Amino acid sequence: MALQATEEQVLYANILNKGMLIGLLGLVITFIIYSTGILKPIIPLEEVQNYWVMPVNDYLHMSGIKTGWAWLGHLGKGDMLNLLPIAFLSLLTIVCYLAILPGFIRKKDTAYVLLAVAEVLVLVLAASGILKSGGH
Amino acid sequence: MLLKKLKTSKLLISLAVLSILFTVSTSVLASTEAAAGSVEAASAHAWWFWPLILFVLSFVLGVFAVLAGVGGGVLYVPIVSGFLPFHLDFVRGAGLIVALAGALAAGPGLLRKGMADLRLAIPMALIASACAIIGAMIGLALPTNIIQTLLGATILGIVVIMIKAKKSEFPDVPKSDSLSQALRITGVYHEPTINKDVAWKVHRTPMALGLFVVIGIMAGMFGLGAGWANVPVLNLLMGAPIKISVATSKFLLSITDTSAAWIYLNNGAVLPLMVAPSVVGIMLGSFIGVKVLAVTKPAIIRIMVIVVLGIAGLKALFKGLGIG
């Protein structure tokens, strides 16, 4: 039993801390770019309020926005660029798990190696865009 | 004498801050509800009107969440979907990012101090995050009125949990179960209030893993943070000390909400014009909340939050059932 945080916890915390700061800063910067019109959005700012009142499937149908990672191909558009830091924040946990995995392997902590690998697979599956919702 | 004056001025400051916050929040809710009556009303405003309202409301929610000891996500989804014109799909998407950002921000400090325990979190997180994917997919597939009704019922359930749930500082765990022994889920932390190192272990791990199936599904389905459910399971069922439970729960959310957030993001239910003001607002609010916490009585705030959450829950329930 250890009184202090384990080696894995400190490593996880350090990556999370740096990633969180970068992600939040990115969110603010890209929002400024989006809201000031430096990069024109796919949906004009004045029209977004007509879309956010409807179910997501109607919004996708009427706006022509594609699901999955399609936004990555439109980073020149202000609204799509603003999704980049959100995706970055959502990727952080996968990076942290991959970083602590070698420590578990080195210690021959088989159960936690398997749990960490399984978690990475679950998160990669969620992030992959393969899983589509049936819609309302 | 000086001490008495200081105490009086602290009380006056806290009352003034709370009065301002309460006035702002109620006027925001009242004005937004009136304007949110129809799509036409919503589109009559400049583009920045609703994001600004969202920012102010998120800021107020951030302050109150800290004072009431609850996660921002659990207040955000029912209140924003109940009183602002955004569709529940986008509110849940933004709610997940709000809860995720809060958990990611708190995670490093809690891990470094050894309060959030990685060995306790990892098995629970695997179950919860896998089930949050299922919950998110169900949530985006079901008709809005059904989700709204279920959300209302869940919020009212959370209100009951908030009123009734007890906490156990150092639960008695006579013997750890075989699964937690195999996974070596145990630890020691320093408790400053008694100036002692407290050794802890857990029991009933298989039952807790079963409950995390339900917690994960609900977190994904409603876009709520799940601290309200995580903490009782870790503390009252498994027997982890309350401080370890609260910290590990907050860290757990960063993993559970990540998987659900991806489903909402990949299905188009994350609108940047809602997310950025919400995340920045709630984070600034949490920062101020920590400062206000030092000079106020959290018990009164907790009662206020429970009442507001109860009203939001009833509103969601009635909206879902088509009443009123």
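This is a predicted model: local features need pLDDT of at least 70, side-chain atom pairs count only at pLDDT 80 or more; totals for chains, interfaces and linings use all residues.

Trainee: Which hand does the crossing of H5(B) and H11(B) have?

Mentor: That crossing is left-handed. Helix H5 of chain B covers residues 88-112 and helix H11 of chain B covers residues 242-266. They pack at an angle of about 145°, with their axes 7 Å apart.

Trainee: What makes that a contact, and which residues of H5(B) and H11(B) meet?

Mentor: Two residues are in contact if their C-beta atoms lie within 7 Å. On the H5(B) side the residues include Arg92(B), Leu96(B), Ala103(B) and Leu110(B). They meet residues of H11(B), among them Lys250(B), Phe251(B), Asp257(B) and Tyr264(B). The residues of this contact divide into 15 nonpolar, four polar and three charged.

Trainee: Why is Lys250(B) called buried?

Mentor: A residue is buried if 20 or more other C-beta atoms lie within 10 Å of its own. Lys250(B) has 26 within 10 Å, so it is buried. This lysine is found in helix H11 of chain B.

Trainee: What does Lys250(B) touch, leaving out residues up to four places away in sequence?

Mentor: Lys250(B) touches Ala103(B), Ala106(B), Leu110(B), Ala116(B) and Gly227(B). Take Leu110(B): 140 residues separate it from Lys250(B) along the chain, yet the two C-alpha atoms are 8.6 Å apart. For chain B as a whole, among contacts between residues at least 6 apart in sequence, 84% join residues at least 24 apart. Buried residues make up 57% of the 324 residues in this chain.

Trainee: How do you know that the length of H9(B) agrees with what it should span?

Mentor: The expected span of a helix is 1.5 Å times one less than its number of residues. H9(B), residues 205-222, has 18 residues and should span 26 Å; its end C-alpha atoms are 25 Å apart, so the two agree. Buried residues in H9(B) include Thr205(B), Phe212(B), Ile215(B) and Phe222(B). Just after H9(B), Gly223(B) takes a positive phi of about 70°.

Trainee: And how far does H1(A) reach?

Mentor: Helix H1 of chain A, residues 7-35, has 29 residues and reaches 42 Å from its first C-alpha to its last, close to the 42 Å expected. Among its buried residues are Tyr12(A), Leu16(A), Met20(A) and Phe31(A). Their cover includes H4 and H5 of chain A together with H5, H6 and H12 of chain B. Just after H1(A), Gly37(A) takes a positive phi of about 80°.

Trainee: How many residues does each chain bring to the contact of chain B with chain A?

Mentor: Chain B gives 63 residues and chain A gives 59. Elements giving two or more residues on the chain B side include H2, H5, H6 and both E1 and E2. That side divides into 44 nonpolar, 15 polar and four charged residues.

Trainee: What makes E1(B) and E2(B) a pair?

Mentor: Two strands pair if there are at least two bridges between them. E1(B) and E2(B) have six, in the antiparallel sense. One of the partners is Asp197(B), which bridges to His190(B). The hairpin has four residues between the strands, and Asn195(B) takes a positive phi near 50° there. In total, chain B has 13 helices and two strands.

Note on methods: Residues are numbered from 1 along each chain as its sequence is written. Chains are lettered from A and ligands numbered from 1 in the order in which they are written. Axes are lines fitted to C-alpha atoms, for helices over the stretch in contact, and angles run from 0 to 180 degrees between N-to-C directions. A crossing is left-handed if the near helix is turned anticlockwise from the far one by less than a right angle, and right-handed if clockwise. Ala, Val, Leu, Ile, Met, Phe, Trp, Tyr, Cys and Pro count as nonpolar, Asp, Glu, Lys and Arg as charged, and the others, Gly among them, as polar. A residue is buried if 20 or more other C-beta atoms lie within 10 Å of its own, exposed if 12 or fewer, and partly exposed in between; C-beta atoms are placed from the backbone.
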